[in-house]
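Here's a quick tour of some side chains and who they meet. Have the sequence and the 3D view handy as you read.

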Amino acid sequence: MSDTVNQPRAFEILTAEAVKKRRPPRDWSDDVKARLVAETLVPGANVSSIARSAGVDPSQLYGWRRKALSSGAVTPLPETTGSEVRFARVEPVASPVVEIVIGGILVRAGDDVSPEHLAKVLRAVRLA
C-alpha cells in the first residue's frame, strides 16, 4: 500500500469577486414597440435582425408581436403581392449562352456579357 497521506500537496486558493448587478430593465415606449412590431409584420421581414438592430432581445420582440396579434390591435399584411409566383423547371446544359425567362420575355446572354450590363438589361426587362 502506498503512503499518499504524507505526500506533499499543492493547493490553489480561489478568490471571488462580487457578482455585478443585472442591468435594470429598459422601459420601451409604446411608440417604439408599435414601430418595431409593424416592421416585423411586413412580408419577408426577419424578426431577429430587426430586434438586433434595435437593441432588443429577439424573444422580447416576438413576445410583443404575439401580444399585438392576439389582441387584434394589428393584423399582418396579406402575403400576395398581386403577381403570380411561378417556378420554372431548369435543365442544366453546358453552353456559353445563358437563357433567362422573365414573364414572357427570353433574354439570352453570352459569356462575353459583363455582369453589370446583364443586370441593367434584366432591370429594363422587369420594368417593361
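E39 is partly exposed, because its relative accessibility of 32% falls between the 20% and 50% cut-offs. Keep in mind that this is a predicted model. From E39, we'll move on to its partner and then to a few other residues.

**The salt bridge**
- E39 teams up with R35: their side chains form a salt bridge, with 2.8 Å from N to O.
- The structure has 1 salt bridge, by the way.
- Both partners sit in helix 1, which covers residues 30-40. R35 and E39 are 4 residues apart, or about one turn of the helix.
- R35 is partly exposed too, with a relative accessible area of 45%.

**A buried threonine**
- T40 is also found in helix 1.
- A polar atom of the T40 side chain lies 2.6 Å from the backbone oxygen of V37.
- Beyond its neighbours within four places in sequence, T40 touches A45, V47, I50, L61 and R65.

**The aromatic pair**
- There is 1 aromatic pair in the structure.
- The ring centres of W28 and W64 are 6.0 Å apart and the planes are at 70 degrees, so this pair is edge-to-face.
- The pair connects distant parts of the chain: W28 is in the segment before helix 1, while W64 is in helix 3 (residues 58-71), 36 residues apart.
- W28 is partly exposed at 21% relative accessible area, whereas W64 is buried at 11%.

Methods: Residues numbered from 1 in each chain as written. Predicted model: local features only at pLDDT ≥ 70, side-chain atom pairs only at ≥ 80, totals over all residues. Heavy atoms only, no water. Salt bridge = Lys/Arg side-chain N within 4 Å of Asp/Glu carboxyl O. Helix = DSSP H or I, 4+ residues; strand = E, 2+ residues; numbered from the N terminus. Buried < 20%, exposed > 50% of the residue type's maximum accessible area, 1.4 Å probe, protein only. Polar contact = N/O pair within 3.5 Å; in protein donor to acceptor, adjacent residues only side chain to side chain. Contact = heavy atoms within 4.5 Å. Phe/Tyr/Trp six-rings, centres within 6.5 Å; stacked < 30°, edge-to-face > 60°.
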